[in-house]
Amino acid sequence: MRVPLWKIAHARSGDKADRADIGLFAWDAPTYAVLKREVTPERVAAHFRDQCEGPVELWPLDNILALKIVLNRALQGGAARSLRMDNLGKVVAAQLLRMEIEAPADLPRLQSR
Amino acid sequence: MKSVRIGAGLGFYGDSWHPVRASIERGGVRYIASDHLSELTLAILQKDRQKDPSAGYARDGLPMLAELWPLAAKHGVKFILNAGGLNPQGAREAIARAFRDKGWKATIATVSGDSALERLDELRAAGEPLAHMDTGAGIDTVRDRMLFANAYLGAQPIVRALEQGADIVLTGRVADAALSLAPLVFELGWRWDDWDKLALGLTVGHLLECSGQGSGGNFGSAAEWAEIPDYAHLGYPIAEVGADATALLTKAPGTGGRVSFDTLRQQLLYEVHNPHAYVSPDVVLDMGTIKFDDQGGDRVRLTRASGAPRPPKLKIVGGYHDGWMGTGIIGFSWPQAYAKCEKAAQTISTLVAERGWPVEDTNVEYIGYNSLLGANADPTYRDQLNECFLRMTIRTQERKVADAYGRLFPWLGLSGPPYVGSMKGVQGAQELLGIWPTLVARELMESKVQVAVEKV
């Protein structure tokens with residue numbers, strides 16, 4: 001089934017120079033396995049196609065059930081030259097949580113809520 | 001086994017120091033590590049210094065110490081803060097003067113020598129191209145517009161200050177986490193080539209450097225943010241670190257916020273690029289082996305950080321003038337709030353085009369609809385909004401144009417679409433800054449670093 005990430009994960013984002021970076025965290029191990037499979041750099045790049053001009057990098061961290069995602073050239077050159085309201089990229093994580101992925105209906109988070 | 005407790009101070013220039021009181025009073029901390037400098041704060045301080053050569057330091061260091069020092073002295077707590085900004089000596093003089101007036105005693109040290117702005121030509125002559133780290137662009141394109149350029153120093157000079165008996169260490173630019181790593185090395189006697197221990201210390205510093213973000217603030221989540229207790233009294237994070245390079249993350253009893261596996265791992269990855277090579281001046285951290293053990297009750301054990309040898313180069317971050325931003329905001333209520341914002345945007349764009357203003361970029365956002373979520377905003381209710389604000393910003397090289405841009409908007413109140421709000425004055429031109437990250441051989445900077453100590 002199609003599931004938006006906000007139902008099964010949490011996330012925080014920030015900025016460094018012209019990069020927006022996101023930590024995406026599964027609440028549990030079965031969900032982490034799904035995130036690792038379904039949240040690919042290509043899909044993230046497509047989700048941010050209107051604001052990310054560079055490549056998307058992604059590192060899985062099994063030890064903390066997390067994906068580290070970096071959007072290159074995503075802040076109009078950097079926070080202090082950006083014209084956007086979200087010049088610091090702090091809402092980029094919320095944008096990611098709106099992305100939908102294919103996930104099994106029996107994930108723990110989809111049962112408990 | 002020996003251990004030491006470090007508490008988070010500020011997380012940015014302008015952050016609140018009130019939560020630090022609880023960490024000192026009942027958190028058992030020996031040190032407060034306070035970060036006043038975000039990536040571009042030095043640009044603000046540079047403007048201060050241009051107006052007044054004795055300024056150029058973060059102005060919240062002194063009021064923080066003025067309020068907390070009597071309590072800190074009573075509990076034997078030392079402060080390490082990068083509030084020296086571009087002028088650590090100036091910060092020390094201001095603090096020393098205030099302490100003398102109050103009859104307080106302290107040994108205050110400064111760490112300086114991080115500025116590269118006045119040395120750019122010398123550094124290039126020494127073989128450093130100073131090209132942009134990400135784009136590879138040459139520095140000549142921005143050289144004459146550079147407002148500041150400072151190297152991120154490591155923990156070593158701070159340790160030298162502590163060895164000389166400093167109670168308060170004022171630095172300029174240092175790696176944020178070095179503010180915590182330094183007292184750990186000093187107290188626990190770690191060697192500068194014990195990479196795994198340094199990596200644990202760096203991890204601790206990184207978890208503390210954003211104040212409340214390490215203890216439940218800004219907890220990015222769909223609904224769980226509402227379960228964070230008592231934001232009004234949120235306690236800043238505290239780390240108790242053992243000589244064996246294990247740590248306990250917690251916060252002062254009776255404070256709000258939450259220290260848990262979830263809040264800590266959000267901070268662990270915050271503003272990190274490659275998590276397997278998190279580079280600092282003192283060690284390169286691999287976050288891939290770190291283990292968090294959540295014991296409940298706002299207590300989390302941290303173990304197994306892995307370190308690799310420190311890099312041969314230090315990072316410099318410079319900021320350069322990059323034009324001006326003009327801003328206009330106007331709000332409309334139902335009916336057709338969004339449509340009226342759109343019409344206003346078109347009208348403004350027509351006026352700008354007719355005036356022939358040299359505008360390089362225009363950004364149009366609808367506050368209440370997509371100003372934060374951008375293209376990922378959900379359009380379902382766009383045409384039924386109760387109210388909507390138009391925010392338009394431009395980039396231009398002409399300061400006058402940026403100033404004049406905001407003045408176009410009030411006219412819409414009488415001559416544009418109906419039911420308008422937010423006529424609260426006009427925002428003037430704001431300077432835009434480009435960022436210039438680059439690398440420099442560490443010995444070229446470290447040979448000029450100075451540690452000075454003054455007894456007050």
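The exercises below, each with a worked solution, concern a predicted model.

Local features require a pLDDT of at least 70, side-chain atom pairs count only at pLDDT 80 or more, and totals for chains, interfaces and linings use all residues. Residues are numbered from 1 along each chain as its sequence is written, while chains are lettered from A and ligands numbered from 1 in the order in which they are written.

**Exercise 1. Determine what radius of gyration chain B has and whether it agrees or disagrees with that of a compact globule.**

Step 1. The radius of gyration is taken over C-alpha atoms, and the globule rule is 2.2 Å times the number of residues to the power 0.38.
Step 2. For 456 residues, a compact globule would have a value near 23 Å.
Step 3. Chain B has 24 Å, which agrees.
Step 4. Along the principal axes, the C-alpha atoms of chain B fill a box of roughly 75 × 55 × 50 Å.

**Exercise 2. State which residues of helix α7 of chain B are buried.**

Step 1. Helices (H or I, at least four residues) and strands (E, at least two) are DSSP runs, numbered from the N terminus.
Step 2. A residue is buried if 20 or more other C-beta atoms, placed from the backbone, lie within 10 Å of its own.
Step 3. After α7(B) comes Gly189(B), with a positive phi near 70 degrees.

**Exercise 3. Give the strand order of the open sheet of 4 strands in chain A, and explain why one side of β2 and of β4 is left without a neighbour.**

Step 1. Two strands pair if DSSP finds at least two bridges between them.
Step 2. The order is β2-β3-β5-β4 (chain A), with antiparallel pairing.
Step 3. Because β2(A) and β4(A) stand at the edges, each with a single partner strand, one side of each has no neighbour in the sheet.
Step 4. Strands β3(A) and β5(A) pair over 6 bridges, and Leu24(A) has Leu67(A) as its bridge partner in β5(A).

**Exercise 4. Find how many residues each chain gives to the contact, and which element of chain A gives the most.**

Step 1. Two residues are in contact if their C-beta atoms, placed from the backbone, lie within 7 Å.
Step 2. The contact takes 37 residues from chain A and 46 residues from chain B.
Step 3. On the side of chain A that touches chain B, β2(A) gives the most, with 6 residues.

Notes. A residue is buried if 20 or more other C-beta atoms lie within 10 Å of its own, exposed if 12 or fewer, and partly exposed in between; C-beta atoms are placed from the backbone.
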